[in-house]
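Try each task before you read its solution.

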Amino acid sequence: TFLLFLGKRGLFTTSSGLKIAYVSGIETNSKESPQEHTFVEADVASVRDICYKGRPSFRGVDILVTSVWPKDIVHINVDLRQTADSWLLSWLATQIKPRYHFCASKTVYYERPPYSNFNSSGDTAIHATRFIALAKVGNEGKQKWLYAASLEPIDKMSAKELYQQTTDQTECPYSGNMLSPHINKKPVRSGNIEEPTQFFYDMNHSDDGDNRRKRSRKNDDGPERKQRPVFDQATCWFCLQSSDVEKHLVISIGDEAYLALAKGGLVPEHLLILPVTHHQSLSDVPEAVAKEIKKIMFKSALKKFFKTQEKVPVFFERNYKTSHLQMQVVPVHVKLADQLKEMFQAKAQGFQLDEIPTHSKLEQIAPPGTPYFYVELPSGEKLFHRVKKNFPLQFGREVLASSALLDMEDRADWRDCKISKEEETNLAKQFRNDFKEFDFTVSPKASLVLTDGSQLTSDSQHLVELRISLTLVRSDGSLVNESFKLNERCERTTLASRARRSSHYTLHHMIMRPIQ
């Protein structure tokens with residue numbers, strides 16, 4: 001028999017990758033002396049922080065195990081309510097979103113219908129939690145005290161599997177300050193009634209709180225709310241570790257973002273700037289990703305490159321009916337730059353493009369979950385529209401393809417511009433070669449390219465000594481790091497041999513630094 005003592009609180013990860021959070025004992029006042037059988041605010045906050053650490057795209061944990069029941073988990077059957085329930089455990093459950101929450105019960109076995117977790121942004125689907133209380137071992141009523149389940153780790157599940165709903169799924173039983181990202185047990189009251197507080201995505205708050213949410217979910221006939229899309233990140237076309245990424249279109253790979261040729265491009269130099277990992281929009285990316293995309297790296301390099309051709313790039317993003325951030329880049333002749341603002345605003349039929357003030361940031365006017373269209377013009381002016389419904393999906397292309405600008409209206413839809421893979425490969429190769437001088441991810445003295453055959457080749461006959469760092473992605477999504485030296489005596493066959501050992505991997509990103 002294998003028995004493992006977890007301890008008072010923490011996060012345990014099994015060899016298969018299952019993440020089990022746990023809190024032992026009963027809740028007590030933080031001012032009281034801590035005991036082995038009690039927990040306080042600092043304990044549950046610590047568990048939450050451990051679960052979030054190193055997981056920027058946190059989805060939740062697989063299992064939460066507690067000694068006592070969370071407060072408000074049972075509303076209907078008063079007989080099931082426990083004398084020792086915990087407000088802090090309710091708060092913790094909303095923060096770490098366990099797929100299963102197990103706890104102890106004195107005499108009964110109780111399995112609640114799955115409830116939907118709250119999402120911090122409200123823009124995508126969220127998985128459900130199953131709350132299960134097991135009776136005492138050997139209890140006289142012969143209530144169930146053992147539960148068996150076969151679980152796939154949450155970090156390995158596809159979005160389709162994780163977000164699949166059940167017919168008996170209910171709304172989240174927790175409300176008020178339990179939903180706050182910060183622990184605050186003081187209730188918000190109006191008279192003698194505690195009002196649920198919506199902390200996240202309800203931007204049109206009404207005084208009737210939860211009832212309004214319930215009515216809106218039942219009565220909203222709008223197609224977008226009713227048909228909310230669920231995206232499978234495992235098959236995302238743009239996550240670099242996905243097997244569905246068309247790698248022959250990739251031009252350059254940085255630490256956090258990469259540059260690729262657009263499929264069905266408006267012009268041969270139509271490009272996309274995308275984050276390496278999964279992020280929804282430009283308004284909601286970590287600082288490191290934003291730095292590579294929109295501040296000093298890819299955009300700056302592209303501006304310098306197109307300047308040599310007497311062109312200027314137009315950057316635009318549509319965060320509407322998309323799952324992965326795509327910053328579109330379309331160059332136009334420098335003589336057309338002064339007409340761009342007028343043309344974008346004139347083509348906005350039925351909606352308005354507003355100019356963003358000079359010192360304002362996109363994230364200030366578009367909180368996470370906000371659908372929008374955003375364009376940066378060569379003049380530095382930025383236009384923004386908050387999408388509500390029925391926004392034209394090809395709007396950015398339609399404006400640029402108009403007769404007053406590029407005069408190629410028949411190419412407004414990318415599906416009308418598709419070419420063969422061989423032609424795409426040749427276009428990407430040509431652009432990669434032209435852009436090489438401006439590519440900040442490549443050493444000026446030598447560069448390496450990962451071909452479709454997963455072999456590394458060199459485009460320099462005189463390599464200086466370099467330190468090569470490869471990050472590769474296994475088929476299960478985990479990352480493998482490899483680092484090695486390269487000097488002028490290295491032959492091409494040596495490079496290919498090293499790469500072939502990792503031929504069943506996908507390249508995540510590669511960094512090259514000259515050794516001083």
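**Before you start**

This is a predicted model, in which local features need pLDDT of at least 70, side-chain atom pairs count only at pLDDT 80 or more, and totals for chains, interfaces and linings use all residues. Residues are numbered from 1 along each chain as its sequence is written, and side-chain values use heavy atoms, with hydrogens and water left out.

**Exercise 1. Count the helices and strands in the protein chain, and find the share of buried residues.**

Step 1. Take helices (H or I, at least four residues) and strands (E, at least two) as DSSP runs, numbered from the N terminus. The protein chain then has twelve helices and 26 strands.

Step 2. Sort residues by relative accessible area: buried is under 20%, exposed is over 50%, and partly exposed is in between (1.4 Å probe, protein chains only). Of the 516 residues in the protein chain, 46% are buried.

Step 3. Turn to contacts, meaning heavy atoms within 4.5 Å. Among contacts with a separation of 6 or more, 63% join residues 24 or more positions apart.

**Exercise 2. Describe how helix H1 packs with helix H2.**

Step 1. H1 (residues 41-52) and H2 (residues 87-96) have axes 10 Å apart, at an angle of about 10°.

Step 2. Classify the angle: under 35 degrees is roughly parallel, over 145 roughly antiparallel, 65 to 115 roughly perpendicular, and the rest oblique. H1 is therefore roughly parallel to H2.

Step 3. List the residues that meet. From H1 come Glu41, Val44, Ala45, Val47, Arg48, Cys51 and Tyr52, and from H2 come Leu88, Leu89, Trp91, Leu92, Gln95 and Ile96.

Step 4. Assign classes, with Ala, Val, Leu, Ile, Met, Phe, Trp, Tyr, Cys and Pro as nonpolar, Asp, Glu, Lys and Arg as charged, and the others, Gly among them, as polar. The contact of H1 with H2 has ten nonpolar, one polar and two charged residues.

**Exercise 3. Characterise the aromatic pair of Phe305 and Phe435.**

Step 1. A pair of aromatic rings is described by the distance of the centres and the angle of the planes. Rings of Phe, Tyr and Trp (its six-membered ring) pair if their centres lie within 6.5 Å; planes under 30 degrees apart are stacked, over 60 edge-to-face, and the rest tilted. The structure holds 23 such pairs.

Step 2. For Phe305 and Phe435, the centres are 5.6 Å apart with 90° between the planes, an edge-to-face pair. The pair links distant parts of the chain, with Phe305 in H7 and Phe435 in H11, 130 residues apart.

Step 3. Check accessibility: Phe305 and Phe435 are both buried.

**Exercise 4. Locate Glu310 and Asn390, and give the phi of each.**

Step 1. Glu310 is in the loop between H7 and strand S17 (311-319). Its phi is positive, about 60°, although Glu310 is not a glycine. At 52% relative accessibility, Glu310 counts as exposed.

Step 2. Asn390 is in the loop between strand S21 (382-386) and helix H10 (395-401). Asn390, also not a glycine, has a positive phi near 55°. At 65% relative accessibility, Asn390 counts as exposed.

Methods: Axes are lines fitted to C-alpha atoms, for helices over the stretch in contact, and angles run from 0 to 180 degrees between N-to-C directions.
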